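Let's take a walk through this model together.

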Amino acid sequence: MSDNLLTPELSARLAALYQRMETAYDQVAGELAFSCSGCPDNCCDSFFMHHTVSEWSYLWQGLAALNSDHRAQIRGRAERYLAGAAAAIARNERPQLLCPLNEQGLCTLYAHRLMICRMHGVPSAVTRPDGQKQTFPGCYRCQELTEGREAVPEVERTEHYRELAELERELLTAVQWRGGRVKMTIAEMILAGPPK
Ligand code: SF4
Ligand code: SF4
C-alpha cells in the first residue's frame, strides 16, 4: 500500500489544478512576451514557506519515484540548506539559498513543484474572502517590461487558491489530520518524509 496520503483521485485533481495555473501563467507571459530565459537571477533561491499537506504529499510522490542515491543527494542538500537558513536567520537576514531540488539551474521535480514555484514571475491578483484585492507586480524583470503600460494582464489566482483550499480541506478531513498547521520550507518537507 502507498504511504502517500493523496488518493489517486485527489492527486489527479491537484495535477489538473497545477496545469490550470500553468496555462494561466503562460497566457499572461505570452501576452507580455515574457520569459525567464537569459535571466541572470534564479528565483529558486527565494525563501518561502509552504502550507498545504496536499502539496507536501504531491512533492513526495515525485521524490519517491527517484532512485535512492538521488534522494540521498537531495537529502544532503536539504540538510545543508536548513543549516544555512538557520545561520542566516540567526544573523537577522532573510535566507537566500538555492533550493535543494535545483540541479544545474533546473528543477529536478518540475512536475511536482509547489504552487508558489508556478506563480512567481508574471503579475497576478487574488481577491481575499473579505473582498480585498491583493495584486502582485511580478518579478523585477517582468516589472521592467510592464513599466509604463496602461493595461497590464495578470493571472487571476483567486479560483486557484479556492480550489487548493477545498482540496486540502477534503484531504485533511479524509485522513483525520492531527499534524497541525503546516509552515515548512521545501527542505523541511524533504527531510520530514511524506506527511503521515
Ligand atoms: S521546487 Fe523546483 S522550482 Fe521550486 S524552488 Fe525548488 S527547484 Fe525551484
Ligand atoms: S521569474 Fe523573473 S527573476 Fe525569476 S528567473 Fe524568471 S525572469 Fe528571472
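**Two ligands and their surroundings**

Ligand 1 sits in the largest pocket. A pocket here is an open set of points on a 1 Å grid over the protein atoms alone, where a 1.4 Å probe fits, with protein on both sides within 12 Å along at least five of seven lines; a molecule sits in it if more than half of its atoms lie within 2 Å of its grid points. This is a predicted model, in which local features need pLDDT of at least 70 and side-chain atom pairs pLDDT 80 or more, while totals for chains, interfaces and linings use all residues. Residues are numbered from 1 along each chain, and ligands are numbered from 1 in the order in which they are written.

Around ligand 1 you will find Cys44, Cys99, Leu101, Asn102, Cys107, Arg113, Cys117 and Ile186, each with a heavy atom within 4 Å of the ligand. Ligand 2 also sits in the largest pocket. Its surroundings are Phe34, Cys36, Cys39, Cys43, His120, Gly121, Cys139, Tyr140 and Arg141.

Now turn to helix α3, a DSSP run (H or I, at least four residues) that spans residues 68–90 and holds histidine 70. Histidine 70 counts as buried because its relative accessibility is 18%, where buried means under 20% relative accessible area with a 1.4 Å probe and protein chains only. Leaving out residues up to four places away in sequence, histidine 70 touches Glu103 and Thr108, with contact meaning heavy atoms within 4.5 Å.

Key
Heavy atoms only, no water. 1 Å grid on protein atoms, 1.4 Å probe; cavity = no way out; pocket = protein on both sides within 12 Å on 5 of 7 lines; lining within 4 Å. Helix = DSSP H or I, 4+ residues; strand = E, 2+ residues; numbered from the N terminus. Buried < 20%, exposed > 50% of the residue type's maximum accessible area, 1.4 Å probe, protein only.
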